[in-house]
Amino acid sequence: MKLTLHVWRQKNPGDAGRMVQYEHKSVNPHMSFLEMLDVLNEELIAKGEEPIAFDHDCREGICGMCGFMINGVAHGPERGTTACQLHMRHFDDGQTITIEPWRAKAFPIIKDLVTNRSAFDRIVQAGGFVSVNTGGTPDGNAIPVPKTAADLSMDAAACIGCGACVAVCKNASAMLFVAAKVSHLNLLPQGKAEKDRRVLGMVEQMDAEGFGNCTVTGSCEAVCPKEISLSFIAKMNRDYAVATLKGKWSRRAGSDG
Ligand code: SF4
Ligand code: FES
């Protein structure tokens, strides 16, 4: 296969950046999208040019490191598929493909297609965990978990933190990511003790990082490689409202007392 690629090249965060055209003549349809870029990079290095920087790690669709816009779609044209699991057979010989990094204020570009997504880490640090006292390993069945809660929690836990939901959203909202991370713990008995603190802390951090508001257009769900459901956003909004009201009541009870 032969492809014409238009790739965003940006030397560093301060560089203005520009689209650069490459004629890629050595594409095998069985390559993954990242392997296609690897081969192009080998050719660039052989010519003494700077290779295209892009994030990757597992290349199995589970780590959340890869991701960029492919012809304007986060992770490309295949639904429920990360860029590393996307294969070139889904493109046509002779096709022109545009490749750009995630674009969001909270995900500044570091170089070429690499963005800084540490805002997601700070949101998780603000409550996306269950506090435990270390000690002996508890018995696996010590805390019964209803099957429906376990299934729903697993659906939310499938989020790999790639950031595609933010990149595709016209408001650069992180609500789908935060909703998944809040819900997978809030749904389980082990996570319920810190439910209110978790949702308040994580939403507050999300706002502080500069992500936009959710207007429920559903573009996030459409491109999410793990097909996280919008219904988790509704669930998080409910948890947030309950936690806020409980906080107001307890402050009022404190002032009355
Ligand atoms: S919700 Fe989906 S698109 Fe957003 S970070 Fe998680 S896996 Fe990626
Ligand atoms: S490289 Fe890990 S999800 Fe793509």
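A: Buried means under 20% relative accessible area, exposed means over 50%, and partly exposed lies in between (1.4 Å probe, protein chains only). This is a predicted model, in which local features need pLDDT of at least 70 and side-chain atom pairs count only at pLDDT 80 or more, while totals for chains, interfaces and linings use all residues. Residues are numbered from 1 along each chain as its sequence is written, and side-chain values use heavy atoms, with hydrogens and water left out.

Q: Is Thr-4 buried or exposed?

A: Thr-4 is buried, at a relative accessible area of 14%. Thr-4 sits in strand β1. Setting aside neighbours within four places in sequence, Thr-4 is in contact (heavy atoms within 4.5 Å) with residues including Tyr-22 and Ile-97.

Q: What order do the strands of the open sheet have?

A: Strands of a sheet pair through backbone hydrogen bonds, either parallel or antiparallel. Strands are DSSP runs of E, at least two residues, numbered from the N terminus; two of them pair if DSSP finds at least two bridges between them. Here five strands run in the order β2-β1-β5-β3-β4, with mixed pairing. β2 (18-24) and β4 (73-74) are at the edges with a single partner strand each, so one side of each has no neighbour in the sheet.

Q: In which sense do β3 and β5 pair?

A: β3 (residues 69-70) and β5 (residues 96-100) pair in the antiparallel sense, over two bridges. Ile-70 stands opposite Ile-99 in β5.

Q: How many disulfides does a search of the whole structure find?

A: A disulfide is a pair of cysteine sulfur atoms within 2.5 Å. The search finds zero. For Cys-214, the nearest cysteine sulfur is that of Cys-220, 6.2 Å away.

Key
Chains lettered and ligands numbered in written order. Helix = DSSP H or I, 4+ residues; strand = E, 2+ residues; numbered from the N terminus.
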